[in-house]
Amino acid sequence: MKRRKKIYLYMTMVLAILYIGLLTVLYLSEYGDSQASIHSFADAFWYSLVTLTTVGYGDLTPVTPLGHAVGAVFLLLSAGILVTLFGAVISFMTSQGLPLFLLRFQRKKNWYYFADFGAEANTLAGNIYKEDPDTVIIFGEKKDDQMEFPDYPCLFINASPVRIVACKKGIGTKCKVFLMKENDIGVNSRAIDLHKLPVEVYARTTNGQDHLSGNIRFFHSYDCCARQYWRSRPLCAGENIIVIIGFGNYGRCILERAILTNIIAVGQHVAYHIFGDAAGFFDMHWHMHKVFSIGEESGEMDSLIFHDEFWETQHAVMERADRIIICTDDEPEGWSIFWQLHKYYKVHGQIHLHSNRKTPGVSYFGTNEEIYTPNQIMRTSLNKAAITINDIFRRSVDYPTLSWEDLDDFHRESKISAADHLLMKVRILLQDETIIELTPDVVGRAYKEYCETKKDRLVEDGYRRLDHMRWLRFYTFYNWSYGEVRDDGARQHPMLCPYQDLTEGQKRERDAAWELLGSIAAELRQTGYGKGDT
């Protein structure tokens with residue numbers, strides 16, 4: 001870049017010297033002639049100017065042979081200059097020059113930069129604009145002729161984040177950068193040195209990490225889909241057989257969130273029938289047999305049954321299922337399964353289909369409009385309850401604790417899991433399975449019910465058992481095991497044992513998750529957390 005600038009500087013200097021030389025020759029050849037109209041250097045400059053711009057007033061003309069020669073040079077140069085100027089204007093209008101020029105007048109607005117344009121990026125950008133009209137949407141690629149222009153204002157600029165940030169000059173809020181392709185941060189050239197820029201980076205990933213370092217944050221579209229699914233369609237008491245068809249990215253996250261969230265009764269025995277490869281799952285979570293019956297249905301605990309054979313062969317399972325979740329990564333395949341079930345099988349339970357197509361009469365979930373929203377991707381409210389829980393905990397103890405931003409992924413996930421189970425706790429306390437939103441009023445009524453009913457020692461013991469069951473599942477899912485003393489490095493904890501083996505003090509610790517309802521209700525009233533935030 002520096003070498004190119006030097007070349008341009010040398011060329012400019014050479015042209016300037018040649019131009020001044022021609023003016024000097026013209027002046028010296030003309031000023032001594034009695035018939036000449038060019039008598040000064042200023043006259044020579046004026047003549048060159050009107051000639052090169054093809055205006056040609058005719059008020060000044062050379063009369064000497066040498067003056068005519070210089071005039072001919074200026075005439076020839078005028079055509080080239082016009083072509084060059086016209087080309088420069090066209091290039092400026094059709095290249096990145098004009099968009100970058102327009103950006104300079106919008107530096108005080110909120111800039112959102114997307115490395116590429118795709119269905120997910122388009123949906124998220126549209127939702128951002130709906131929530132924040134005072135924004136500038138920038139796609140870091142050139143608009144294709146076949147590309148349909150979005151129905152919101154945006155700019156297509158084939159420029160890197162570095163160039164965009166330089167254009168903003170630190171005015172207004174930090175630019176937000178989105179890498180919407182899976183695991184794009186390791187391969188996209190636009191991601192190089194993003195950690196050095198004054199920007200907020202949100203990168204789509206398929207791994208389990210939520211936060212890397214500094215300004216880089218990851219989001220998991222599959223996990224967002226799973227959490228949104230179980231929040232909008234929580235497990236009900238009468239559902240004992242859940243079928244999951246498709247165990248790719250979506251199916252895996254749907255099952256993981258079910259394991260961590262679907263705890264509604266001490267004696268529940270929900271059987272999850274999963275059609276997919278179990279090997280990878282149990283290789284990763286090798287302690288699951290401690291809290292689940294593996295491979296066969298149990299009347300005493302929840303079960304995980306993986307089927308190697310095709311779902312079409314399991315007629316009895318399909319007909320007995322209380323809920324069938326079709327969540328193949330390939331959407332057309334999911335629709336094919338959906339129509340086959342309706343056409344050939346006697347299904348009494350609900351069928352939920354992961355689909356981006358909204359069709360009347362079909363119970364679908366996980367559309368782009370639901371997943372790719374600012375709240376989901378930037379976590380402005382997706383984790384609000386979890387952040388609230390952490391803040392309440394910090395205020396309730398007299399020793400130093402970490403803020404949400406400083407927590408590692410495991411402890412963040414611990415708070416998220418506890419927050420996601422709040423809906424279940426509220427539904428249990430109010431005995432109302434129609435509740436799917438946590439409002440201050442609903443949480444407040446649930447807490448009041450808890451305070452009243454826990455006076456019965458057996459009921460209080462049931463609440464403790466239930467939360468211990470949830471807590472036990474979480475730690476077991478992350479491969480912790482029993483140890484006489486807590487050792488985070490070895491992943492051992494003294495409470496990873498059956499409820500009846502806990503001490504009275506350890507049992508009382510389980511009250512905290514229920515007592516939080518009161519603090520959360522008050523917190524939600526203050527922050528205005530309500531409909532649409534869950």
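Predicted model: local features only at pLDDT ≥ 70, side-chain atom pairs only at ≥ 80, totals over all residues.
**View 1. Helices H14 and H15 cross each other at roughly 110°.**
Helix H14 spans residues 384-396, and helix H15 spans residues 409-420. Their axes come within 8 Å. Angles from 65 to 115 degrees count as roughly perpendicular, so H14 and H15 are described as roughly perpendicular to each other. The crossing of these two helices is right-handed. To find the contact, look for Ala385, Ala386, Ile389 and Asn390 on H14, then for Lys415, Ile416, Ala418 and Ala419 on H15. Sorted by class, the residues where H14 touches H15 are six nonpolar, one polar and one charged.

**View 2. Helix H15 packs against helix H18 at an angle of about 150°.**
Helix H18 covers residues 457-477, and its axis lies 11 Å from that of H15. Are H15 and H18 roughly parallel or roughly antiparallel? Angles over 145 degrees count as roughly antiparallel, and H15 and H18 are therefore roughly antiparallel to each other. Here too you can look at the handedness: H15 passes H18 in a right-handed crossing. On the H15 side, the contact uses Phe410, Glu413, Ser414, Ser417 and Ala418, while H18 brings Arg470, Phe474 and Tyr475. The classes in this contact of H15 with H18 are four nonpolar, two polar and two charged residues.

**View 3. Helix H8 meets helix H18 at an angle of about 140°.**
The axes of H8 and H18 are 8 Å apart. That angle makes H8 oblique to H18. From H8, the residues in contact are Glu256, Ala258, Ile259 and Leu260. Their partners on H18 are Arg470, Arg473, Phe474 and Phe477. Which classes make up this contact of H8 with H18? Five of the residues are nonpolar and three are charged, with no polar ones.

**View 4. The largest pocket holds about 870 Å³ of space.**
A total of 31 residues line this pocket, and the closest to its centre are Phe393, Ser414, Lys415, Trp471 and Tyr475. Ser414 belongs to the H15 side of the contact with H18, and Tyr475 to the H18 side, while Lys415 is part of the contact between H15 and H14. Which elements give two or more residues to the lining of the largest pocket? They are H14, H15, H16, H18 and helix H20, which runs over residues 511-527. H14 gives the most, with six residues. The lining of the largest pocket divides into 16 nonpolar, six polar and nine charged residues.

**View 5. The second largest cavity has a volume of about 60 Å³.**
The largest share, three residues, comes from H7. As you move around the lining, you can pick out Arg227, Trp230, Arg231, Pro234, Arg257, Thr261, Asp420, Leu423 and Met424. Grouped by class, the lining of this cavity has four nonpolar, one polar and four charged residues.

Key:
Residues numbered from 1 in each chain as written. Heavy atoms only, no water. 1 Å grid on protein atoms, 1.4 Å probe; cavity = no way out; pocket = protein on both sides within 12 Å on 5 of 7 lines; lining within 4 Å. Points joined across faces, edges and corners; volume = space filled by probe spheres on them. Helix = DSSP H or I, 4+ residues; strand = E, 2+ residues; numbered from the N terminus. Nonpolar A, V, L, I, M, F, W, Y, C, P; charged D, E, K, R; others polar. Axes fitted to C-alpha atoms, helices over the stretch in contact; angles between N-to-C directions. Parallel < 35°, antiparallel > 145°, perpendicular 65-115°, else oblique. Left-handed = near helix turned anticlockwise from the far one by under 90°. Contact = heavy atoms within 4.5 Å.
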